[in-house]
Amino acid sequence: MGILKAVRSTFKAGSADADLRLLKAIAAGDVTAFERLHGQYFPKLMHFAKRVIDNEEAAEEIANDTLMVVWRTADRFEGRSKPSSWIFGIAYRLALKQARSNGRHKGTVALEEDMAQDEQDTADAIMNQKDIHAALQQLTPELRAVVELTYYNGYLYKEIADILGCPVGTVKTRMMTARQRLHAMLSDDLPTYSENAVA
């Protein structure tokens, strides 16, 4: 099993139907629904933003700003994508805006041990976490976002394209570029991943 696949997160956003019900309630001004959505998404959005922009404080701000955008604009959700894709798309745009305003494209990407704890064959993955950590730091926020959404959030390329607001081909190109760069930066004995390995 590949290292990146071995550390894939098992958590997912809520079901699309449940999220849609929450968004409709939020659009109607239901504070309780917003609190529920906030509790469900805040940790995931913060985790995602932290990986993209390498700053925990800014990531927290992005997660909060994202959810405030959801609060203010839930009535504009048109259902062309999953609610989670729409929400992560907002977070992605805010994170990129933050990264660009900071003028940074490199940073710390924390790999959490609990992401790998359920895997049977993660000994090698854990041993190589520092290498992966360092390698992910070298990726641009755009490439890191694709890796994050694919391996840590389990989104398919089509869903990632919806989140990032770009064609599926661009997502595939970014993933291929990320894999090539990670492969080049990591040890030579790591396996090469096929394009269809995760999506």
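Let's start with helices H2 and H3. Helix H2 covers residues 16-27 and helix H3 covers residues 31-53; helices here are DSSP runs (H or I, at least four residues), numbered from the N terminus. Their axes come within 8 Å and cross at roughly 135°. Axes are lines fitted to C-alpha atoms over the stretch in contact, and angles run from 0 to 180 degrees between N-to-C directions. So H2 is oblique to H3. Oblique is what remains after under 35 degrees (roughly parallel), over 145 (roughly antiparallel) and 65 to 115 (roughly perpendicular).

A word on the source. This is a predicted model, where local features need pLDDT of at least 70 and side-chain atom pairs count only at pLDDT 80 or more, while totals for chains, interfaces and linings use all residues. Residues are numbered from 1 along each chain, and side-chain values use heavy atoms, without hydrogens and water.

Back to the pair. The crossing of H2 and H3 is left-handed: the near helix is turned anticlockwise from the far one by less than a right angle, and clockwise would be right-handed. Who touches whom? Asp19, Leu22, Ala25 and Ile26 of H2 meet Ala33, Phe34, Arg36, Leu37, Gln40 and Tyr41 of H3. Contact means heavy atoms within 4.5 Å.

Next, H4 (residues 56-73) and H5 (residues 83-102). They pack at about 135°, with axes 9 Å apart. That makes H4 oblique to H5. H4 passes H5 in a right-handed crossing. The H4 side of the contact includes Ala58, Ile62 and Asp65; the H5 side includes Trp86, Ile87 and Ile90.

Key:
Helix = DSSP H or I, 4+ residues; strand = E, 2+ residues; numbered from the N terminus.
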